[in-house]
Amino acid sequence: MTFSGSLHVYPRSIQRLSALAFGLALLLISQTAIAHPGSLWGIDLSSVVALRDQARIAAYRSAGAPGERLNRVSTIVLDPGHGGDNSGAIGVAGIREKHLTLELAYHLREAIQERYPDVRVVMTRYWDTSLSLPERVHLANLAQADVFLSLHYNAAVHNRAVGYETFYLRPQDVTPEPAPVEEHTDHHDASPIEGARLVGQHDDDLVFIQRDLIRAHQHELSARLAHSVQNGFRGHLDSIDRGVKQANFGVLRGAHMPAVVVEAGFLTHPDEGSRLIERAHRQRVVNALLDAIVNFDAELEHVLDDQP
C-alpha cells in the first residue's frame, strides 16, 4: 500500500470508529438516564431545572419582548401518569402509557413557557421512574402550585370505549389546607386557595366551619379547572366528549390547589388508540390544555376578585 492510498483508508476507518464510539457513548448515557438521570454525573435534577427556568426568564426579559402573562396562575405542576415499574395502559399500537404521558408533559411544558415565559412549570417526573401517588401530590404542595394536572390516557377491558374525560375529587375527599397564617403571607397573590387558614381552638365549631368553607372553595375551583380542560378538549379533539366526573383518585387527594386528572383518549380503541401516538394528535392535546389553563386563569381572576 502506498502512502497516498493510506490517506483514503485511514480517514474512513477513523470515521467508522468515531461513529461507533459515539453510538456506544449515547447508549450508555441513555441507559443510565433512564434509571436515574444525573446519577452518571452527580447532578441534582431539581437544581438544573430551577437554573434553567431562571436562565430562560432572564434571557426573555433581557430581550425586551412584551410577551403574555397570566393573571393568577404562576406555578403549574404537570404530573406525567405512571412511570418506572408502573407502565399504565398498553394500547393497540403497543405503546406504554407512561411514555406517552411523559412526552405529552414535556411538550406541554415547552408550549406554556414559550407563550408565558414567567410561568414556572414543574414536572413530578422527568424520566421513566417510579413515583407514588402521595409523592406526586406532596411535590405539588411543596412547589406551591396554582394548578395541578395529572396527565393520563385511558383504557378499557373492551375496545369500544372512546373519548376524553376529566376528573376531580368529590367534595368529601378534598383535604383543606391546614397551614398557619404565617405560611401564607408571602403567597397571597399566587395561591388560588386564598384565605386557607384556620382560626380558633382545636375541636372548635369555628374550625370545622372554616374547614368546610375551604373544602367547598377548593372543590369549586377544581370543578372550574376540570370544565376548562373539558372545554379545551371539545375545541381541539375530534372524539367523544365523555364529560367531567368526580372520583376519589389517590393522585388528587391531599392537593392544596385546584387539581384534576386528564384522560386524553383511549389507548385501547382501535382507531383512537392509533391516533394517540401521532405527533399531530399530541399537538392538539397540548393546544387544548394550554387553552384550558388560559381560560381557568381568567375564571380565577373573576372568582377571587369577587371574594369579600
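Before you start, note that the model is predicted: local features need pLDDT of at least 70, side-chain atom pairs count only at pLDDT 80 or more, and totals for chains, interfaces and linings use all residues. Residues are numbered from 1 along each chain as its sequence is written, and side-chain values use heavy atoms, with hydrogens and water left out.

**Stop 1: strand S6.** Select residues 259-266, which make up strand S6. Helices (H or I, at least four residues) and strands (E, at least two) are DSSP runs, numbered from the N terminus. Eight of the eight residues here are buried, so S6 is largely enclosed by the rest of the structure. Buried means under 20% relative accessible area, exposed over 50%, and partly exposed in between (1.4 Å probe, protein chains only).

**Stop 2: the partners of S6.** Two strands pair if DSSP finds at least two bridges between them. Look for Phe148, whose bridge partner in S6 is Ala259.

**Stop 3: two rings.** Now show the side chains of Phe167 and Phe249, an edge-to-face aromatic pair with 5.0 Å centre to centre and 65 degrees between the planes. Rings of Phe, Tyr and Trp (its six-membered ring) pair if their centres lie within 6.5 Å; planes under 30 degrees apart count as stacked, over 60 as edge-to-face and the rest as tilted. Phe167 lies in S4 and Phe249 in the loop between strand S5 (241-246) and S6, so the pair ties together parts 82 residues apart in sequence. Which of the two is buried, and which is partly exposed? Phe167 is buried at 10% relative accessibility, while Phe249 is partly exposed at 28%.
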